[in-house]
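Work through the exercises below with the sequence and the model open. Each task is followed by a solution in steps.

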Amino acid sequence: IETASVKQSKLPLYVSAAIIISLVLAYFFIPGVQAWLSEAWNVLTSDDEVRIQAWVADFGWFGPVVLVLAMIAQMFLLVIPTILLMVVSVLAYGPVWGSFIILAAVFSASSVGYF
C-alpha cells in the first residue's frame, strides 16, 4: 500500500519567528513597548485579582478584543499560557461574560490555526 506524503506548511514557523523577532526588537528599541510589557507582566503575575481587573478594565471596550488577539498570538507564541488568559478573562469580566470571551477567543484562535 502506498501512502501519500503530506507536506507540512512552514507558515506557522515563519509567523511565530516574525512575531517573536518583532516583539524582541520592539522591546529593546521602543521604550513605550518595554514599559507596557513590563507592566503587563507585573500585573498578570501579581496574583492580585483587583489589580488585574483594574488593569484589564483600563482597556475599556477594547479589553475583550485584546484578550481574543492574545489568545490568537498565544497559538504562535507558546510563552503565553492559555490558562492565564482564561483566568484574566474571568477575573476581569466575571464568570459569564469571561466565559463568552474565552469561547470567542478559542474559536478565533482555532479558526486562524486551521487556515
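Axes here are lines fitted to C-alpha atoms, for helices over the stretch in contact, and angles run from 0 to 180 degrees between N-to-C directions. The model is predicted.

**Exercise 1.** Determine how helix α1 and helix α2 are arranged, and which residues make their contact.

Solution.
1. Helix α1 spans residues 11–29 and helix α2 residues 31–44; their axes come within 5 Å and cross at roughly 105°.
2. Angles of 65 to 115 degrees count as roughly perpendicular, so α1 is roughly perpendicular to α2.
3. On the α1 side, the contact is made by Ala26, Tyr27 and Phe29. On the α2 side, Pro31, Val33, Gln34, Leu37 and Ser38 take part.
4. Sorted by class, the contact of α1 with α2 has six nonpolar, two polar and no charged residues.

**Exercise 2.** Find which residues line the second largest pocket, and which element gives the most to the lining.

Solution.
1. The space in the second largest pocket is about 170 Å³.
2. Its lining consists of Ser9, Leu11, Pro12, Val15, Met75, Phe76, Val112, Gly113 and Phe115.
3. Two or more lining residues come from each of α1, α4 (63–76) and α5 (82–114). With three residues, α1 gives the most.
4. By class, the lining has seven nonpolar, two polar and no charged residues.

**Exercise 3.** Compare the UniProt annotation "transmembrane region" with the chain.

Solution.
1. The unreviewed UniProt entry places this annotation on residues 12–30, 61–88 and 95–114.
2. Residues 12–30 are 95% helix and 0% strand, with end C-alpha atoms 26 Å apart.
3. Residues 95–114 are 100% helix and 0% strand, with end C-alpha atoms 28 Å apart.

Notes: Residues are numbered from 1 along each chain as its sequence is written. This is a predicted model: local features need pLDDT of at least 70, side-chain atom pairs count only at pLDDT 80 or more; totals for chains, interfaces and linings use all residues. Side-chain values use heavy atoms; hydrogens and water are left out. Helices (H or I, at least four residues) and strands (E, at least two) are DSSP runs, numbered from the N terminus. Angles under 35 degrees count as roughly parallel, over 145 as roughly antiparallel, 65 to 115 as roughly perpendicular and the rest as oblique. Contact means heavy atoms within 4.5 Å. Ala, Val, Leu, Ile, Met, Phe, Trp, Tyr, Cys and Pro count as nonpolar, Asp, Glu, Lys and Arg as charged, and the others, Gly among them, as polar. UniProt positions are given in the numbering used here, feature names are shortened, and annotations may be inferred rather than shown by experiment. On a 1 Å grid over the protein atoms alone, a cavity is a set of points where a 1.4 Å probe fits but cannot get out, and a pocket is an open set with protein on both sides within 12 Å along at least five of seven lines; lining residues have an atom within 4 Å of a point. Grid points are joined across faces, edges and corners, and a volume is the space filled by probe spheres set on the points.
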